[in-house]
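Colleague: I'm new to this one and would like a close look at a single part. Could you take me through the aromatic rings and then show me how that part sits in the rest of the chain?

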Amino acid sequence: MARQRTATIGPRLVLSMVVSLLAAALPTAVAQNLASDRAALLALRDALDPGRRLPWDPAAPTPCNNWRGVTCDASGNRVVELRLPAKSLRGTIPSGTVGNLTALQKLSLRFNAVSGAIPADVGNLAELRGLFLRGNLLDGEIPEGLFSLARLRRLDLAGNRLAGGVSLGFNRLTRLDTLLLEGNQLQGEIPEGFNVSGLAQNGFNVSFNAGLDGAVPASLAGMPATAFLGTGLCGGPLAACAAPDGEKKKKRLSRWAIVGIIVGAVLLILLVMAILALIRWRRRRAPPTSSSAAAADVHSGTAPITVTVARTHRDASVSHSHSFSGASPPAAKIAGEGGEKQQQQLVFLGGAPDRPYDLDTLLRASAEVLSKGAHGTTYRATLDGGAPVLAVKRLRDVRVPEQEFRERAAEVGAMRHDNLPRLRAYFYGREEKLLVYDFVGNGASLSALLHGLFVSFVPRNGAPLDFTSRACIALAAARGVAYIHRVGSTHGNIKSSNIVVTAGRDGAFVTGHGVAKLVGAASSSRRGTGYRAPELSSAGASVPLRKSADVYSFGVVVLELLSGRAPGPDGGGGVDLPRWVRSVVQEEWTAEVFDAAIAGEARVEDEMMRMLRLGVECTEQRPDRRPAMDDVEARVERVVEDAARKAEFSSTDGSRSVSA
Ligand SMILES: *[C@@H]1O[C@H](CO)[C@@H](O)[C@H](O)[C@H]1NC(C)=O
Ligand SMILES: *[C@@H]1O[C@H](CO)[C@@H](O)[C@H](O)[C@H]1NC(C)=O
Ligand SMILES: *[C@@H]1O[C@H](CO)[C@@H](O)[C@H](O)[C@H]1NC(C)=O
C-alpha cells in the first residue's frame, strides 16, 4: 500500500514541481536576460577598460538608463545597441561578453585599440544588423560564426590586422549591403563564386590588402577600381589578368631578365669594389672625418642599395662598408675602434629578440633611407632572411655622456604603448650611436601624406584624407604623447614627419621618442622650428625639455592636419601656422583655414571647429595657458567620437529602423 501511495504521489509531485518551475521561470526569463546583458557588459569593461574610464555604475538598477554607449529596447528589457567608438579601449574581447548580448542589433567599437581575434561567439548575435570594428588591432581570421548573422547589413572591419582569405561564407549574408575590409592583411584569391548580391555600389572595399591576388570575381566586376587599390588583383575594373599563353612569353622574357640581372649585379659588384678601393686610397691620404661626410652626401637621395656582400675577414675596415646603405663610413669607423671590441655590442632593452641579431648583422642588413632629420638619419633595415624589419636611427652630435645615455636609453626602452614603436636596442660606440626601433606603419609619415613628399610610399590614387581620418590620426598621436608625459618624460621633437600613419590611414605612431633626450636638448634648436614653442627659440639651448613645449608642437600638428599647410617660417615655404590661424577672423575659418579636401564636410563642421580651437589653445604663446596632454587627448577623443557617430548615422541611413 505504501508503495502504491508513493507511486501515485510521485508523478503529481513532479508535475507540481514542473508547473511551479515554469511559473517561476517565465516571468524571470526577461529579467534574467537583462541581468546577463549587464554581466556581459561589466565583463567586457573589465577586459577592455581596466582603468574603468567608462562611467558605468554597477549599482544602477539597469544598464539601460545611464550607461554611456548602451541602448536598450523600448521596454528596457534587453540591450540592443552598444556604441563605444574611440574610447581608448584596449585588450582582447573574451568570449562570453559581447557574444552574450544576444539581442544586440548594433555594435560599434570603432577606433579603439582592441586586439586579438574577433570572438567566435559573435555568431550568437542573431539580431545584429551593424558591426563596426574599424580602426582597431584585431588579428586572426574572420570567424566562421559571423557568416551566420543572417540579418547583418553593415560590416566594417577596415583598418585592422585581419588575416586569412576572403571567405565564400559572405555569400550567406544575403542582406549585407556594406562590406568594408580595406587596410588589413587578407591574402589569397577572392573565390570565383563570391557573390554577395545586395552590396551597394560603394559598399565594398578590399583596398590595401597587399596579399590579395588573382582575378576579381564576376559579381564584383561592377565595383569601382578604387575598391581594390593596393592589392594584387586583376580583371574586372582593373587591368586584365595575364592570359595563360602570355605567361610563356613572360617566362622566356624573364629568363633574359635574369641574365640581365646577373650581368647587372656583376657590374655593380665591380663598381662597388672600385669605389671601395677608391675610398681606401683616399682614406690613406685624407683625414677620415672628411671622407665620411663626403660619402654620406653621395648616398643622400639615391635609391636604396640592397646589395649584401659577405664579409671576408673580420677586421678589414672595408668589409662592412657597402652593406648598410649609406652607413659605410661609420661602419668602417666602428671597425676602426679595434681596441673597444668588448663594448661594441648592441644592448637589447627588454630582453634579446626571438631571432637574435648582433651589430654585424645589423650593419649588413639591407637598408634604405627613410628620413634625415636634425638628430640623424633613419634607415629601414631588413635583416637577412626577411624579419624582423627595424628602423635604425644613426644619431648625430650626441652630447650626452655615456653613462647618462645608457640610463636614458633604458628608460625609453621601458616605454610600452600602442602608438609608440618600441625601442628594442641601442649601440653606443665612441664614434657611432645607433637606436634600433620596431619598424611601424608602411613608411608613410603624416607629412608625406599631407604634403605629398615621398609620394612613392603613398598610393597616388588614394583618396584624400577626410576629416575623421585626420582626427583619428591626431587621436593616436595624442595618446602616444600623453603616455610619454604620464610616465614623466617628454618627446621634444613632435612634428608631422615624426608621425607615421598606418596602412588603414586612421591610426598612427609617434616616432622619434627619446631621441631628443638621448642627443641632448641643445641640438634640436636648428630644425623643425615651425613646431618649436616660442619660449625655446628665445631662450636658446639651455632650456630643459618641457611638456608644455610638446603641447605646442602637437598643436601645430593639429593646425597642419586641418589646414593642409606645412608650418615653418624658415625658408621651407611654410607659414607660422599658429600666427596665421589667429590672423584669420573666426567667421572666416571655414573658408580660409581648412584644407580644401575637408572644407566641404559640412556634416562634421562642428567637430572641425572644436579641433581647430584645440589647436589654437595648444599653441598659446604662454606655456601656462596651454592644456595638459591628458586633457588634449580627452578632447580629441570626444571629437573623433562625435565625428564617427555622425559618419555611422549617415552610413546606416538604410537601416534607421534599427535604432528607431
Ligand atoms: C555568458 O553566457 C554563458 C552561458 O550562458 C555563461 O556561462 C557566462 O557566464 C556568461 N558570461 C558572463 C560574463 O556573464
Ligand atoms: C549572384 O547571385 C544572384 C542571386 O543570388 C544572381 O542573380 C546573380 O546572377 C549572381 N551573380 C553572379 C555573377 O554569379
Ligand atoms: C577604399 O578604401 C580606400 C582606402 O581607404 C580608399 O582610398 C578608396 O577610395 C575606397 N574605395 C571605395 C570605393 O570606397
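Modeller: Happy to. The structure holds eight aromatic pairs, where rings of Phe, Tyr and Trp (its six-membered ring) pair if their centres lie within 6.5 Å, with planes under 30 degrees apart called stacked, over 60 edge-to-face and the rest tilted. One of these is Phe-147 with Phe-170, an edge-to-face pair at 4.8 Å centre to centre and 75° between the planes. The two residues are 23 apart, so to speak in distant parts of the chain: Phe-147 is in the loop between β7 (137–139) and β8 (154–156), and Phe-170 in the loop between β8 and β9 (178–180).

Before going on, a word on the ground rules. This is a predicted model, in which local features need pLDDT of at least 70 and side-chain atom pairs count only at pLDDT 80 or more, while totals for chains, interfaces and linings use all residues. Residues are numbered from 1 along each chain as its sequence is written, chains are lettered from A and ligands numbered from 1 in the order in which they are written, and side-chain values use heavy atoms, with hydrogens and water left out. Helices (H or I, at least four residues) and strands (E, at least two) are DSSP runs numbered from the N terminus.

Back to the rings. Phe-147 and Phe-170 are both buried, meaning under 20% relative accessible area, with exposed being over 50% and partly exposed in between (1.4 Å probe, protein chains only). Ring pairs also tie Phe-147 and Phe-170 to Phe-194, Phe-204 and Phe-228 in a cluster.

Now for the wider setting. Nonpolar cores are sets of buried Ala, Val, Leu, Ile, Met, Phe, Trp, Tyr and Cys residues joined through side-chain atoms within 4.5 Å. In the largest, with 62 residues, Phe-467 and Met-611 touch the most other members. Helix α9 (467–486) is among the elements that give two or more residues to it, and α9 gives the most, with 13. Phe-170 belongs elsewhere: a second, separate core of 59 residues includes it along with Leu-48, Cys-64 and Leu-109.

Two backbone spots deserve a look as well. Most residues other than glycine have a negative phi. Phe-111 has a positive phi near 50°; look for Phe-111 in the loop between β4 (106–108) and β5 (113–117). With a relative accessible area of 6%, Phe-111 is buried. Ala-86 has a positive phi too, about 50°, and is found in the loop between β2 (79–83) and β3 (90–92). Ala-86 counts as buried because its relative accessibility is 0%.

Finally, Cys-234 lies in strand β13 (residues 232–234). Its 17% relative accessibility is why Cys-234 counts as buried. Leaving aside neighbours within four places in sequence, Cys-234 is in contact (heavy atoms within 4.5 Å) with Gly-214, Ala-215, Val-216, Ala-239, Ala-240 and Cys-241. Over the whole protein, buried residues make up 48% of the 660, and there are 17 helices and 21 strands.
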